[in-house]
Amino acid sequence: MTRPLNILAFAGSTRNESLNKKLAVLASETAETAGAVHVTWADLRDYPIPLYDGDYEEQFGLPPAALKLRSLLQSHDALLIASPEYNGFPSPLLKNTLDWLSRPFNNEERHVVFKDKPVLLLAATRGEAGGRRGLAQLRLLLGNLKAASFEQEFVLPKGNEALDALGRLRDPDQQRQLADVVTAFVGHVRERQSVTA
Ligand SMILES: Cc1cc2nc3c(=O)[nH]c(=O)nc-3n(C[C@H](O)[C@H](O)[C@H](O)COP(=O)(O)O)c2cc1C
């Protein structure tokens with residue numbers, strides 16, 4: 001029997017009403033309904049990581065919350081990120097989190113936590129574009145970290161109208177699109193695992 005896949009999910013926003021948090025949670029639930037998938041939700045508000053500072057790193061090493069997130073990432077098969085778009089880029093919170101996670105720790109090889117890690121990219125914005133420009137930048141960044149970003153992505157324009165009070169997508173076509181992308185990602189991760197097993 002195949003063991004359940006473990007996916008770590010987080011959003012690049014700490015806002016209570018964050019559209020990206022809602023989208024990440026929705027995608028996580030969708031992944032779990034695909035069967036034999038367990039998603040660990042990490043709210044970055046619970047992982048307060050200071051702005052990257054080389055002097056801090058030299059003196060203290062990785063901040064405790066970055067270490068916690070790092071070991072979570074290492075113990076999961078795949079990653080799901082919902083990224084806000086700020087002026088065409090991922091949020092500073094997300095960039096800072098990924099930068100800290102990319103730092104060497106003990107004697108481990110650099111980028112070890114991201115190397116070949118499958119990542120599903122999602123984005124939600126209030127505006128019309130849905131965050132695709134930001135995802136293009138995030139893809140570049142993850143490529144530099146040697147992660148394996150999944151080709152398909154899901155973007156949600158006008159997220160504040162598209163999601164209802166329970167955080168569900170109102171439009172059945174969008175529900176289907178999200179389910180298709182998430183299901184394809186789960187299948188892709190499983191396939192990679194059976195190849196590398
Ligand atoms: C500094 C800043 C820059 C923004 N730039 C963009 C942008 O380039 N494209 C866009 O669609 N929305 C942009 N927005 C609006 C965000 O998409 C919107 O605030 C979104 O709700 C943020 O994500 P969250 O709901 O997950 O916190 C920007 C918001 C801020 C605060």
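Contact here means heavy atoms within 4.5 Å, and that is how to read the residue lists in these legends to a predicted model.

Figure 1. Starting from the N terminus, the elements follow the order β-α-β-α-α-β-β-β-α-β-α-β-α-α. The radius of gyration is 16 Å, close to the 16 Å that the globule rule gives for 197 residues, so the protein is as compact as a globular protein of that length. Its C-alpha trace spans about 50 × 45 × 25 Å along the principal axes. Of the 197 residues, 48% count as buried. If you look at contacts between residues at least 6 apart in sequence, 76% of them join residues at least 24 apart.

**Figure 2. Helix H4 meets helix H5.** Two packed helices are described by the angle between their axes and the distance between the axes. Here the axes of H4 (residues 92–101) and H5 (residues 132–144) come within 11 Å and cross at roughly 5°. Angles under 35 degrees count as roughly parallel, and H4 and H5 are therefore roughly parallel to each other. On the H4 side you will find Leu94, Lys95 and Leu98, which meet Leu138, Leu141 and Leu142 of H5. The residues of this contact divide into 5 nonpolar, no polar and 1 charged.

**Figure 3. Glu57 is a buried residue in helix H2.** H2 covers residues 54–60. Glu57 has a relative accessibility of 14%, and buried means under 20%, so Glu57 counts as buried. Have a look at its side chain: a polar contact of 2.4 Å joins it to the side chain of Tyr52. Leaving out residues up to four places away in sequence, Glu57 touches Tyr52, Leu62, Trp100, Arg103 and Pro104.

**Figure 4. Asn87 has a positive phi in a loop between two strands.** Most residues other than glycine have a negative phi. Asn87 is not a glycine, yet its phi is about 50°. The loop that holds Asn87 runs between strand S4 (85–86) and strand S5 (89–90). Is Asn87 buried or exposed? With 76% relative accessibility, Asn87 counts as exposed.

**Figure 5. Lys146 also has a positive phi, in the loop between H5 and strand S7.** Its phi is near 75°, in a residue other than glycine. Lys146 has a relative accessible area of 45% and is partly exposed.

Note on methods: Residues numbered from 1 in each chain as written. Predicted model: local features only at pLDDT ≥ 70, side-chain atom pairs only at ≥ 80, totals over all residues. Heavy atoms only, no water. Axes fitted to C-alpha atoms, helices over the stretch in contact; angles between N-to-C directions. Helix = DSSP H or I, 4+ residues; strand = E, 2+ residues; numbered from the N terminus. Parallel < 35°, antiparallel > 145°, perpendicular 65-115°, else oblique. Nonpolar A, V, L, I, M, F, W, Y, C, P; charged D, E, K, R; others polar. Buried < 20%, exposed > 50% of the residue type's maximum accessible area, 1.4 Å probe, protein only. Polar contact = N/O pair within 3.5 Å; in protein donor to acceptor, adjacent residues only side chain to side chain. Rg over C-alpha atoms; globule rule 2.2 N^0.38 Å.
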